[in-house]
Amino acid sequence: MKIKRKDAFYGEFLIPGDKSITHRAIMFNAAAEGSAVVKNALLGEDCLSTIGCMRALGAAVRIEGGTVYVTGTSAFRDAECDCGNSGTTMRLLMGLVAGRGVNVKFTGDASLSKRPMERVARPLRLLGAKVETTDGTAPVYVRGSALKGCRVDTQVASAQVKSAVLLAALGAEGTTTVCEPLRSRDHTERMLAAMGAKIRTEGTSVTVEKSALHCVDVDVPADISSAAYFMALGALRGETVCKNVGINPTRTGILQVFDRMNVQYSLENERTVCGEPVADIRVKKSALRAVKLDRDIMPSLIDELPVIAVLCSLADGESVIRGAEELRVKESDRIETTAAMLRAFGGDCETLADGFVIRGKKSLRGGSADACGDHRIAMSAAVALTASEQGGEIAGADCVNISFPQFFAMLKEPEAQR
Ligand code: S3P
């Protein structure tokens with residue numbers, strides 16, 4: 001994919017639906033009583049993987065335009081679930097099926113088959129689940145067994161791990177409490193509460209009782225992780241507005257980073273849709289300042305770090321990002337792939353075991369980089385090249401289909417989005 005430099009970038013964007021919320025709306029409704037309509041669903045490859053798995057497990061899922069119609073099933077059937085590239089699909093479903101007495105084999109693509117699954121298997125076993133991984137990774141086998149609630153302390157602040165335990169706990173006798181080292185995104189808790197689950201949150205602990213779910217319609221807000229690329233382009237090159245963006249406080253670490261980097265932005269039309277806070281985000285061209293980020297903020301911006309690193313490359317001063325070792329086990333090793341991309345464009349980025357040191361420059365030259373099969377690297381590279389001196393090329397850019405199939409069309413013609 002060739003990317004031209006642009007000196008000015010202005011536009012109003014209807015960013016596609018939130019990936020985390022779309023996965024959950026489809027999975028949870030598929031396991032609930034009744035039927036539901038999921039509007040503005042993200043239909044990228046990851047969520048299509050979830051739809052394929054829910055069908056394999058016995059739920060009826062129909063796609064019409066951007067709307068997904070789900071009819072739940074009270075009894076899943078034994079199945080093989082191909083989760084493609086999607087960690088959320090595999091990890092959440094491991095928990096969901098564990099509480100439902102079925103035998104399921106989970107597989108994934110080459111990238112997903114390298115990612116750690118014991119972090120989910122271990123806490124599920126504490127509840128009595130029979131889970132087998134293959135040397136810690138996929139294929140993963142979950143076999144039907146009776147579960148009993150207990151207290152689970154997770155080692156990493158991961159919404160995927162937390163959600164897997166909460167979903168298994170819905171089918172476990174008694175009470176389950178999940179305690180995290182830091183609070184991770186809470187879309188699962190919000191949606192399960194709306195579906196009738198007995199669930200409560202206290203600080204970084206979530207407690208759930210055995211509960212049946214009833215279907216709820218969901219209007220999915222735009223994904224702040226996808227909006228982040230266009231927000232960054234507003235800050236670098238002009239002015240952008242991303243409409244209907246989910247601003248759940250467990251997801252808005254990037255806005256705190258904007259405050260600290262001197263990015264000029266405003267939230268407009270703030271409102272609540274289906275239990276999730278939403279706003280239009282306007283971002284204006286700004287003189288960027290370097291920033292220091294540490295572990296505490298990571299769960300609220302983990303997927304935005306590659307594009308935040310692009311902003312740091314064009315900020316005044318040295319930025320230091322620490323406590324981000326989770327990046328090493330995402331769709332690629334994002335510490336290495338982000339640094340390689342920035343260096344390929346003339347940036348100055350040193351890697352640490354748990355993050356980066358990035359010395360900002362007045363401009364990036366541009367050039368060629370490889371997406372390394374990682375959608376967020378492809379889109380961050382596109383932002384860097386749009387704001388570079390010469391533009392350049394991204395190899396393997398079609399992986400944006402994982403989370404944002406319309407990305408390059410929107411990038412090429414921002415004016416057409418009005
Ligand atoms: C997600 C949680 C995050 C995030 C991923 C989606 C979710 O992963 O990186 O893209 O939907 O729960 P972890 O919870 O493992 O950090």
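These legends describe close-up views of a predicted model.

**View 1. Two domains make up the protein.** Domain 1 is built from two stretches, 2-16 and 221-417. Domain 2 covers 19-209. Taken over C-alpha atoms, the centres of domain 1 and domain 2 are 28 Å apart. Domain 1 gives 26 residues to the contact, and domain 2 gives 23.

**View 2. Domain 1 and domain 2 bury area between them.** The size of an interface is often given as the accessible area lost when the parts come together. For domain 1 and domain 2 the buried area is about 2,100 Å². Carbon and sulfur atoms hold 49% of that area.

**View 3. Salt bridges and polar contacts link the domains.** The rule finds three salt bridges across the interface of domain 1 and domain 2. E331 pairs with R115 in a salt bridge. The closest N and O atoms of E331 and R115 are 3.9 Å apart, within the 4 Å cut-off for a salt bridge. On the side of domain 1 that touches domain 2, two elements give two or more residues: β17 (276-284) and α11 (375-386). By class, this side of domain 1 has 10 nonpolar, six polar and 10 charged residues.

**View 4. Ten residues surround the ligand.** A polar side-chain atom of S20 sits 2.7 Å from an oxygen atom of the ligand. For K330, an N or O atom in the side chain is 2.7 Å from a ligand oxygen atom. Q160 uses its backbone instead: an N or O atom there lies 3.1 Å from an oxygen atom of the ligand.

**View 5. A cis peptide bond joins A138 to P139.** Omega for this bond is near -5°. P139 belongs to strand β9, residues 137-143. Most residues other than glycine have a negative phi, and most peptide bonds are trans.

**View 6. N40 has a positive phi.** The value is near 55°, in a residue other than glycine. N40 is placed in the loop between β3 (35-39) and α2 (45-56).

Terms used
Residues numbered from 1 in each chain as written. Predicted model: local features only at pLDDT ≥ 70, side-chain atom pairs only at ≥ 80, totals over all residues. Heavy atoms only, no water. Domains from an automatic or database assignment. Contact = heavy atoms within 4.5 Å. Buried area = accessible area lost by both parts, 1.4 Å probe. Salt bridge = Lys/Arg side-chain N within 4 Å of Asp/Glu carboxyl O. Polar contact = N/O pair within 3.5 Å; in protein donor to acceptor, adjacent residues only side chain to side chain. Helix = DSSP H or I, 4+ residues; strand = E, 2+ residues; numbered from the N terminus. Nonpolar A, V, L, I, M, F, W, Y, C, P; charged D, E, K, R; others polar. Near = heavy atom within 4 Å.
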